[in-house]
Amino acid sequence: MAELLKGALAAKALTESLREKTAALGGKGVTPCLALLRVGSQEADLAYERSALKRCEQCGVAVQRIVLPEDVPQQTVLDELTALNTNRGVHGILLFRPFRGHLDDAAICAAVAPEKDADGVTAASMSTIYAGRGKGFAPCTAEACIRLLRHYDVPLDGKRAVVIGRSFVIGKPVSMLLLRENATVTVAHTHTRELPELCRQADILIVAAGHRGLVGKEHVRPGQVVVDVGIHALDDGSLCGDVRFDEVEPIVAAITPVPGGVGSMTTAILCSHVIEAASR
């Protein structure tokens, strides 16, 4: 039976350390502040907003909410970002994206000041990830994978990691973060040939393909650590990941549950970015 790498436990430990940092900043007259910019009322955005608000309250991070209508002109969104960029009382900005319809997602992301880019959406943040220096931050979910593994003392140095997924949100940045930890990294995806054989060679398997149930028992072997980043809603309202948990869990050494795994850690990472930005 595999060890369950529960994100709530890791997030609780990180939250406690973040409260100490916000208290120290408060003694200097600084309150870390996160600005949330949301267009419309998509259910997924609302769910993440509720989670982020709760975590910010636990960590002592103030929140400024900007909610715009679905038909908002792009220039209005850009004007809001300009105001947030120049507001010295705001230390981090979170965009609920991707933006839909008439809005240019890339242009809006590019308008965020890199030093306030709390979720790693700007080109400057990507440069920070790849170069290892700069003002930006890694995408929260990608960093959550690494911090979760660290919390459970999963060794990364010298280990072979396979990442299934090549997005700029998780796959590519988490690969770079693994390289920083001296892991040997292979990036795979849904077009990779002989994917099960490749996955079985990994010590650490991170699955972020966005395909429900992509990975099953044929992809794993005993001793592996599996991190499932996928999350999908089923017809009965329950959630599942990219990994067929019931097949994989009896085989591997450790695995993240869905829900209750990486997602639980993401908002704590978001708060850590805002607090670091405020400290700077």
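Helices (H or I, at least four residues) and strands (E, at least two) are DSSP runs numbered from the N terminus. This is a predicted model, in which local features need pLDDT of at least 70 and side-chain atom pairs count only at pLDDT 80 or more, while totals for chains, interfaces and linings use all residues. Residues are numbered from 1 along each chain as its sequence is written, and side-chain values use heavy atoms, with hydrogens and water left out.

The buried residues of α6 (under 20% relative accessible area, with exposed over 50% and partly exposed in between, for a 1.4 Å probe and protein chains only) are Cys140, Ala142, Glu143, Ala144, Cys145, Ile146, Leu148 and Leu149. They pack against α1 (7–26), α7 (171–180), β7 (204–207), β8 (225–228) and α10 (262–279), where contact means heavy atoms within 4.5 Å. After α6 comes Asp153, with a positive phi near 55°.

In helix α3, residues 74–86, the 13 residues should span 18 Å at 1.5 Å a residue, and the end C-alpha atoms lie 19 Å apart, which agrees. Gln74, Val77, Leu78, Leu81 and Leu84 are the buried residues of α3. They cover an arc of only 120° around the axis, which puts them on the same side of α3; the arc is that of the directions from the helix axis to the C-beta atoms. The cover over these buried residues includes β2 (33–39), β3 (62–68), β4 (92–95) and α4 (105–110).

Three strands form an open sheet in the order β3-β2-β4, with parallel pairing, two strands being paired if DSSP finds at least two bridges between them. β3 and β4 are the edge strands, each pairing on one side only, and the twist averages 20° from one strand to the next. Four bridges join β2 to β4, and Leu36 stands opposite Leu94 in β4, as Leu37 stands opposite Leu95. Both faces of β4 are covered, with Gly92 and Leu94 buried on one side and Ile93 and Leu95 on the other.

| Helix | Lies across | Angle to β2 |
|---|---|---|
| α2 (residues 43–59) | β2, β3 and β4 | about 170° |
| α3 | β2, β3 and β4 | about 180° |

Terms used
The expected span of a helix is 1.5 Å times one less than its number of residues. Axes are lines fitted to C-alpha atoms, for helices over the stretch in contact, and angles run from 0 to 180 degrees between N-to-C directions.
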